[in-house]
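The tour below goes through selections one at a time and says what is found at each stop.

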Protein chains: 4
Amino acid sequence: MAKHLKQYGWEYVVVDIQWSEPDAKTHEYSPFTELCMDEYSRLIPAENRFPSSAGGKGFAPLAEYVHSLGLKFGIHIMRGIPRQAVHRNTPILGSEHTAREVAKTHSICYWNTDMYGVDPEKEGAREYYDSIFKLYAEWGVDFIKCDDIARELPHEESELILLSEALHNCGREMILSLSPGPALLEKAELYKQTSNMWRITDDFWDDWKLLYNMFERCEKWAGHCGAGHWPDADMLPVGAIRQDYSEDNRTAFTYDEEKTMMTLWGIFRSPLMIGAEMTKLDEQTLGLLTNADIIAMNKNARHSHQVWRRNIDGVEVILWVAVCSKGGWYAAVFNAGEKDVDTEIALTDLEIYEPVSAHELWSGETSADRESLSVKIPSHGAAAFLLRAAGRRD
Amino acid sequence: MAKHLKQYGWEYVVVDIQWSEPDAKTHEYSPFTELCMDEYSRLIPAENRFPSSAGGKGFAPLAEYVHSLGLKFGIHIMRGIPRQAVHRNTPILGSEHTAREVAKTHSICYWNTDMYGVDPEKEGAREYYDSIFKLYAEWGVDFIKCDDIARELPHEESELILLSEALHNCGREMILSLSPGPALLEKAELYKQTSNMWRITDDFWDDWKLLYNMFERCEKWAGHCGAGHWPDADMLPVGAIRQDYSEDNRTAFTYDEEKTMMTLWGIFRSPLMIGAEMTKLDEQTLGLLTNADIIAMNKNARHSHQVWRRNIDGVEVILWVAVCSKGGWYAAVFNAGEKDVDTEIALTDLEIYEPVSAHELWSGETSADRESLSVKIPSHGAAAFLLRAAGRRD
Amino acid sequence: MAKHLKQYGWEYVVVDIQWSEPDAKTHEYSPFTELCMDEYSRLIPAENRFPSSAGGKGFAPLAEYVHSLGLKFGIHIMRGIPRQAVHRNTPILGSEHTAREVAKTHSICYWNTDMYGVDPEKEGAREYYDSIFKLYAEWGVDFIKCDDIARELPHEESELILLSEALHNCGREMILSLSPGPALLEKAELYKQTSNMWRITDDFWDDWKLLYNMFERCEKWAGHCGAGHWPDADMLPVGAIRQDYSEDNRTAFTYDEEKTMMTLWGIFRSPLMIGAEMTKLDEQTLGLLTNADIIAMNKNARHSHQVWRRNIDGVEVILWVAVCSKGGWYAAVFNAGEKDVDTEIALTDLEIYEPVSAHELWSGETSADRESLSVKIPSHGAAAFLLRAAGRRD
Amino acid sequence: MAKHLKQYGWEYVVVDIQWSEPDAKTHEYSPFTELCMDEYSRLIPAENRFPSSAGGKGFAPLAEYVHSLGLKFGIHIMRGIPRQAVHRNTPILGSEHTAREVAKTHSICYWNTDMYGVDPEKEGAREYYDSIFKLYAEWGVDFIKCDDIARELPHEESELILLSEALHNCGREMILSLSPGPALLEKAELYKQTSNMWRITDDFWDDWKLLYNMFERCEKWAGHCGAGHWPDADMLPVGAIRQDYSEDNRTAFTYDEEKTMMTLWGIFRSPLMIGAEMTKLDEQTLGLLTNADIIAMNKNARHSHQVWRRNIDGVEVILWVAVCSKGGWYAAVFNAGEKDVDTEIALTDLEIYEPVSAHELWSGETSADRESLSVKIPSHGAAAFLLRAAGRRD
């Protein structure tokens, strides 16, 4: 990560779910499993799996190491308080109230049995959330992926607000990311005010149907990107990863589909998270992740939105546009159909009424004085352009 | 009970919820409270509250005493297995599997935190249910009120079937009653096949709105009464009981409303359960519960159904009919309006095309050779008639 | 009809839709077609198709002839006023207002273009409905099948009430039948108060799926039969009739399905209407329609309702019961499954706790001293029993 | 119009509904009224109301006059074919089929009785639509406001497509505007492909609730503006117009509300249509309509979208942004609350990370080197800014 990716802007390393479970073995959850916990009802890393945490040091040594590489460190958490703390009725730091007293009686996660929700109405609730973020701050955490919360609105809205306040008052700046999606569009302002990013989809995997579906999600969330808040299209399942855990542990996406994904995430400005076995990145995958033009688009695009979605010669073609903050525009063209397409897209569709130079971000080719975009895109593929007014020099 | 009520047919004495909770004090549940449990994950009576259960005898001594009075004994249970058993991972009698292994991960009761649902797909699930009914059979239980199940269909349908099978295989005959309602009309056949009675309403209390609402519930369930299976309109909150627990602990129902309730439960053939402080039954209340004619109607009515529901002189009047298995018909007339009504109801509305004698069950008055029913009923009151063909002598 | 059926209770002959359309040729409607109309916006029979109506006599001669045979005469009408009257702005008898003024602007039938609805709020509306029923009374009509109304509630509720009042004030007693279904269960009381019968289904044809579906409709409407008001399961498509108008114009029902239909209509007490080419009734069909026991059940059943609907040996079996007003009970057993069934049904399911004699209405066989019903029914077939207490002599 | 408004870009004069009705008197429709029609089932202007149309000249003289003023001419039409043509069965130009044959049987407008829909499946349907647009082209019409269509999707989708094709093949370029709203967001691509503008709201009037509601409509349609297709927020009810037709025929909007409306329509890029008595434009109203900066924003804004909607000191504040095609950005701030607001909005919220000059479009004031926008806005008022990078000279 530090050696190959940091220079392109990749920055955060995040420990995902179940780091406090000593017996975790597969991607499946163990119902009602025992978790490692401190005396204040706070989950801590399982020593057998994170030996550096021994002696009550938690993730501090790991965070320190990550920081030493010039990177940032994040962890996954579940909304709530451990059920085992509730049933054992353990204390809460800084409060006379106990785990049993702050648990919200019928608030559980439906896919994981670790936690009960915390009831913000109860005394001790705020102290519990203060206590966990204080601990994470001590460890040196930079990024919190909070799970079982983004799509739990409006039911768990007050718990989200309490949690967000506790995080922002903990004394260390941390990015707050909310999972899982789909987030609720009608709660967009709340996500913006409480967090930095929120998942707009359930877990995203290497499956064309999910990728196809993402166009609609991105279209409707496009107006809510920017200025520190980001609808999140989820990780990029590239390279050595596969949802079905088959022996050939290689993404089921074709290279064209991977380019479509990078292009859409790029112009939509989704946070970019690598979901891959990092030690097995092949050349092609590394190439995808280190296309500097695509990463620049992700950074410099402004006011992105879908322009149209049309049937051209029996193929569903999707056009996106964005303004480039460095001058000019980005345009992305997607072939969502089952055969190749070869067409011409008028610049007037983008409301550009002057000739442009067009730099295609995947091929690297540039053509001058264009009044339309010639696109020849294979099925499930994409093209991305940086357009500049022809007369312009900057 | 034995002294004053048994002779009228009242038969079952049932211990209601939280008998295994030592700290139970009020009608409110204590979240995540500690329960008394045997070594096989089975709840047992709290000794401090049921001293006769000391020494592992459970409810056997109490059941024996109730039987000695010529009555039958019932208990309340919650669907599922204690959460404390799951988190402690205690054994199941007759199985190598444990509480943790049979719990259904996201099946909880939303108003009480004692239990997790049991997943019938899991090995050990059947043994758990077998083990509890075996215990209840040993105690001498005659009636099981199973809670958190009737309205949990279709989600918990397979758990209901498993539980019902275990009960019917336990070696002792027990009535199975399902709570809470409202039960689902489209599952009527399933209730009939698994149980003896099922609640068609959420908890019923001393409130006219709830009573008024019961007419519609009874109308739609009327076709499903009889032959050992009974839609259940819930307890009769009469005498010394009051939902608001105010100091004057006397039902908020007026006497007319109480008669309406007894008449509706009677002709609809709801199971009759007294919800009252039994040691404080006043004369009037005792009179309601020992009206032999009303109790006979509850027993002998057949094919009961609503006839019509009509506005008469600005008053909503409701007419029910049933065939009497001893000959003749029952008719009940309800004044659901806010003022008194004085009207004549033609026997042809009941499809009776001959003169009858009409015996009114509350006043005890009989009038001969009627071709219509003269009813004069106060607001919220009722009249009930046993009609017999005038010429008939039997 | 008079010769072969009248003696069994068949009574009404009804002229169906489009009798005022001179050009009617097939079962399909001609959009915006010209209709025969008198000077007061009232439709009259097309002379070319009903020559006896010549000279302004309307249906009077035909009604007179039908009456002379000892039968009764009915006609079909559509809710509303002819669109051609509205666009020509013709007068209304007894009013200074015109057709244009009483039409309800956006109330049309969605499957026929003849009429606009009449707006009860408008002056002249009552006079229009009075004028048509006055005309039908003059003709000697006994039965009105009013179309485009039964399932148009609640929108056209006030028009139904106006129309019903006009009919009941017209000076001649007429049966009012409302079409098409499905009628709305929550409006049951309104149907009862305004009409004599109302369709509980869309048009019923010779198709097992429709017949199968009728069990559920009958179950839910069962409590609303009797005392002059009848949920109507629609015509009996038997003998020479076929929905697909194929050359072999013979019902697609098997004989077993026909018996199922007659048995269900019989015990449910649906009005019985023959939907067949009357001049081509074969022996078998005539036998169906003249089974005196089935017709007696239709007349004498009381308090009919479904008892259960169960899977027996992989076959869906349905049990109905009714009290017989002459003594005893009716029971009907249906095989709704795809293979034959051979089973025993305990009388206790019918809440009969004494031995009975059982007379089967299709085979005519009687067996004595039964404590259960032995039924052996082919797929889609039915059995019907009249049960009498064994010891009884009456 | 030509004298005072043309110079600011106001261009089209449109004759609204019921121009073919001789008896039209008020804003209410006369059900089933007689309309002026030519021999080919085509509506023509009522001569008594448009004398220049005498002698079969239709709107040609009026169009010619409007053109002579350097303006463009539009008319309102209803989807479909006149009901009177259908009931009289009149011919269609260029077809052997008749009005009766092309009418769609149950397609009517629910608020106006003039027309039946045309069924694109029927022969003669295309010829009918060709014939009316041919007529309008002959008259010299530049703009068609087609009513009873925009919100009638998906039912009338094929009629919309047929109508659009006929218009685009008529030989004269005409703008196609679809009414009434609310249009369906999921049909956005279809509106774009068939028309130039479509109403996103039911009729808009001088009522704050409607204006308040428009923010949400504009937010969700923002991505679909531009390149010749425009979501339409409806007319501007300013000056001498009032929905309640009270004597004081002056808009119920306050001046602040009018500025809010002009600002929102401006940055959202809604088509601007004046809904006012044109002969009675007072100074203030004229000022609103001739604010050249606002009109320039309506023309030059690109990629407009809402940024946030937030509670600031108890006041709901709404922020919009757009890119200016001439350089810089537009920002609009709205006070949707019930009291005044005085706040500072950071440019980073607009993703502007450099100082700007800010020109406020209503006051005309410019302030230099801003890193935030100071806004002091009365209840229901607005501010609009043209922002330019401080260092920039262009």
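Contact here means heavy atoms within 4.5 Å of each other. The model is predicted.

**Stop 1: chains D and A**

Select chain D and chain A, and show the residues of each that touch the other chain. By that cut-off, 26 residues of chain D are in contact with 26 residues of chain A. About 1900 Å² is buried between chain D and chain A, with carbon and sulfur atoms giving 43% of that area.

**Stop 2: a salt bridge between D and A**

Now show the side chains of A:Glu351 and D:Arg269. They meet in a salt bridge, at 2.4 Å from N to O. How many salt bridges does the rule find across the interface of chain D and chain A? There are 2. Polar contacts across the interface of chain D and chain A come to 11 residue pairs, both residues of a pair being at pLDDT 80 or more.

**Stop 3: the elements on the chain D side**

Stay on chain D and select helix H6 (188-194), strand E10 (301-312) and strand E11 (315-324); these are the elements that give two or more residues to the side touching chain A. Which of the elements gives the most to that side? It is E10(D), with 8 residues. Colour the residues on this side of chain D by type: 9 are nonpolar, 8 polar and 9 charged.

**Stop 4: chains C and B**

Hide chains D and A, then select chain C and chain B. This contact takes 26 residues from chain C and 26 residues from chain B. Between them, chain C and chain B bury about 1900 Å², and 43% of it lies on carbon and sulfur atoms.

**Stop 5: a salt bridge between C and B**

Show the side chains of C:Arg269 and B:Glu351. Here too a salt bridge is formed, at 2.4 Å from N to O. The rule finds 2 salt bridges across the interface of chain C and chain B. It also finds 11 residue pairs in polar contact across the interface of chain C and chain B, with both residues at pLDDT 80 or more.

**Stop 6: the elements on the chain C side**

Key
Residues are numbered from 1 along each chain as its sequence is written. Chains are lettered from A and ligands numbered from 1 in the order in which they are written. This is a predicted model: local features need pLDDT of at least 70, side-chain atom pairs count only at pLDDT 80 or more; totals for chains, interfaces and linings use all residues. Side-chain values use heavy atoms; hydrogens and water are left out. Buried area is the accessible area (1.4 Å probe) that two parts lose on being put together, summed over both. A salt bridge is a side-chain nitrogen of Lys or Arg within 4 Å of a carboxyl oxygen of Asp or Glu. A polar contact is a pair of N or O atoms within 3.5 Å; within protein, one must be able to donate a hydrogen and the other to accept it, and residues adjacent in sequence count only if both atoms are side-chain atoms. Helices (H or I, at least four residues) and strands (E, at least two) are DSSP runs, numbered from the N terminus. Ala, Val, Leu, Ile, Met, Phe, Trp, Tyr, Cys and Pro count as nonpolar, Asp, Glu, Lys and Arg as charged, and the others, Gly among them, as polar.
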